[in-house]
Amino acid sequence: MESSHIILPPDDDEEEQRRREEEDEDPWARSVLPPAAPELPFSASCVRISRDSYPNLRALRNASSVSLADAAYVKISEGDFGYVLDDVPHLADYLPDAPTYPNPLQDHPAYSTVRQYFVNEDDNVPQKVVVQKNSRRGIHFRCAGPRQRVYFGSDEVKACIVTCGGLCPGLNTVIRELVCGLSHMYNVNKIYGIQNGYKGFYSSNYLTLTPKSVNDIHKRGGTILGTSRGGHDTKKIVDNIQDRGINQVYIIGGDGTQKGAYEICKEIRKRGLKVSVAGIPKTIDNDIAIIDKSFGFDTAVEEAQRAINSAHVEACSAENGIGLVKLMGRYSGFIAMYATLASRDVDCCLIPESPFYMDGEGGLLQYIEKRLKESKHMVIVVAEGAGQDLIAKSLATSEQQDASGNKLLLDIGLWLTHKIKDYFKIKKMEMTIKYIDPTYMIRAIPSNASDNVYCTLLSHSAIHGAMAGYSCTVGIVNGRHAYIPFYRVTSTRNKVKITDRMWARLLSSTNQPSFLSPKDIDEAKETDDRMANRPPLPTGISHHHAASSFDQTASSSSSTNGET
């Protein structure tokens, strides 16, 4: 068995010394991997990489002594003009003799009019599309879609589907389209549902799924398979996959779930199993890195409008009325930002990425008082993760976590309600405040038309990738579906950039102050610069360890959804 591995170039001083000593020797002929590398279960063939073409390569070389096993799963190839393909694992990496079959789609009547049946193997999607005249071509991902040859015969496929984490609009649509896509496109008839998340692999019976049994589930919210947080035991899960003869695993969940999928993928490869793992990223907060957006986000923003409209009606119907709406957004304020921009009735939006303060000149309380005196009412939208530092200062808090390892947040909406009431009581100013928390109403609804289409496309991309032997996460990058390495979508989190024009548009729309001091603005810019140059290393490779050798002047490789 063999797999592609990476030979990384030497540092400038090492390269210069070799040129002086041996002018005619090819500097690429020597590996710079640590001599004490642990033995791998396969031989490594090397890929030639330019030091300047991929910003994390120098860091990866230095970090590889920490976790060479993780580095072995990074597949990177280089082309002309600074082109870099950040590729995904494939069955052929460790099963080079695995047989292939003609893709059944070539005989499918529904595809007979399609101009091009299959995706060219060299087709890929650029991570960054806005470039300058002299820009390098940069990072690319493998384009999603059906391949001419597949690694599974229709009769041998035994697929399973699992949903993990919190609820999100569109989960049932994804399940339905996975089942119907496998059945109708690839003639697969052995499809099973894993009940109640990861722990269902070893604690529940599998549920047989057919196109008939999932025919109308997209009209319902939630997930017919059930879900849970935590419960991930990699070895137990892979033992179960192996014992039951599963060879395609479809995993629907957020960044924690995708990390689990990555661990499952690595364990499968260690055992040499012919199994593909396809991740479909799910987070209602839209904080998955790399991809344009996650499914369910459009539905959440649309439904959030109902709560904002109700808050606006309540506020307008009382003298000095305040409508306070708390929306989802543990670390990222995308729902709050987009719902505010769509509503036009919001006077203040608070998100985790933008610090604010309550008291004193220019503080939130003073702004509320000013707004009420001007308009006699106002609407405030706050993301659930906003202001947690302020609550921690005023209340004794404990670092409790849920089963997924997420910190349990205190109710910012309830805390703000009490702070606002206390302020106006001291001011002896009459006011009425209505607090609305629509979180579980939004999570539990079916997906809208836009998300239904998106879920279908994601599911089909996942099926095509799994049938072709890839193990990866699927998602839209710059409007095109792509196969993305697991570690790329879990190494960082997509956040609202308060230094971008989108946030400036919101401030202009609400006419609210930014609440930012010059120090806050400088820190935000420094954070953007640091994240833009931070190498997207796989899980287990320390960024702290790599930072000492990382060239901060290298071109950005981890642009997410920020606007240029």
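This report describes the helix packing, aromatic pairs and selected loop residues of a predicted model.

## Overall composition

The protein chain contains 18 helices and 19 strands. It has 564 residues, of which 54% count as buried. Among contacts between residues at least 6 apart in sequence, 79% join residues at least 24 apart.

## Packing of α8 and α9

Helix α8 spans residues 297–316 and helix α9 spans residues 334–343. Their axes lie 9 Å apart, and the two helices pack at an angle of about 60 degrees. The crossing in which α8 passes α9 is right-handed. On the α8 side, the contact is made by Phe-297, Ala-300, Val-301, Ala-304, Gln-305 and Ile-308. On the α9 side, the residues in contact are Phe-334, Ile-335, Tyr-338, Ala-339, Ala-342 and Ser-343.

Two of these residues, Phe-297 and Tyr-338, also form an aromatic pair. Their ring centres are 5.5 Å apart and their planes stand at 85 degrees, an edge-to-face arrangement. The pair links distant parts of the chain, since Phe-297 belongs to α8 and Tyr-338 to α9, 41 residues apart. Phe-297 is buried, with a relative accessible area of 5%, whereas Tyr-338 is partly exposed at 32%.

## Packing of α6 and α7

Helix α6 (residues 234–244) packs against helix α7 (residues 255–271) at an angle of about 60 degrees, and the axes are 10 Å apart. The two helices are therefore oblique to each other, and their crossing is right-handed. Helix α6 contributes Thr-234, Lys-235, Ile-237, Val-238, Asp-239, Ile-241 and Gln-242 to the contact. Helix α7 contributes Glu-263, Ile-264, Glu-267, Ile-268 and Arg-271.

Arg-229 is placed in the loop between β11 (207–208) and α6. With a relative accessible area of 35%, Arg-229 is partly exposed. Arg-229 and Thr-163 are separated by 66 residues in sequence, while their C-alpha atoms are 9.9 Å apart in space.

## Packing of α10 and α12

Helix α10 covers residues 364–375 and helix α12 covers residues 412–427. Their axes come within 11 Å and cross at roughly 65 degrees. This crossing is right-handed. The α10 residues that make the contact are Leu-364, Leu-365, Gln-366, Ile-368, Glu-369 and Leu-372. Their partners in α12 are Leu-416, Lys-419, Ile-420, Tyr-423, Phe-424 and Lys-427.

## Aromatic pairs and charges over rings

A search of the whole structure finds nine aromatic pairs. In one of them, the rings of Tyr-117 and Phe-118 have centres 5.5 Å apart and planes at 45 degrees, so the pair is tilted. Tyr-117 is partly exposed, with a relative accessible area of 30%, whereas Phe-118 is buried, at 13%. Elsewhere, ring pairs link Tyr-357, Tyr-367 and Phe-515 into a cluster.

Lysine side chains are also placed over aromatic rings. The charged end of Lys-236 sits over the ring of Tyr-202, at 4.9 Å from the ring centre. Lys-274 lies over the face of Phe-152, and here the distance to the ring centre is 5.1 Å.

## Loop residues with positive phi

Arg-344 has a phi near 70 degrees, a positive value in a residue other than glycine. The loop between α9 and β15 (348–350) holds Arg-344. Arg-344 is exposed, with a relative accessible area of 59%.

Lys-428 is not a glycine, yet its phi is positive, at about 55 degrees. Lys-428 is found in the loop between α12 and β17 (432–436). The relative accessible area of Lys-428 is 78%, and the residue therefore counts as exposed.

How values were computed:
Residues are numbered from 1 along each chain as its sequence is written. This is a predicted model: local features need pLDDT of at least 70, side-chain atom pairs count only at pLDDT 80 or more; totals for chains, interfaces and linings use all residues. Side-chain values use heavy atoms; hydrogens and water are left out. Rings of Phe, Tyr and Trp (its six-membered ring) pair if their centres lie within 6.5 Å; planes under 30 degrees apart count as stacked, over 60 as edge-to-face and the rest as tilted. Buried means under 20% relative accessible area, exposed over 50%, partly exposed in between (1.4 Å probe, protein chains only). Helices (H or I, at least four residues) and strands (E, at least two) are DSSP runs, numbered from the N terminus. A charge sits over a ring if NZ of Lys or CZ of Arg is within 6 Å of the ring centre and within 35 degrees of the ring normal. Axes are lines fitted to C-alpha atoms, for helices over the stretch in contact, and angles run from 0 to 180 degrees between N-to-C directions. Angles under 35 degrees count as roughly parallel, over 145 as roughly antiparallel, 65 to 115 as roughly perpendicular and the rest as oblique. A crossing is left-handed if the near helix is turned anticlockwise from the far one by less than a right angle, and right-handed if clockwise. Contact means heavy atoms within 4.5 Å.
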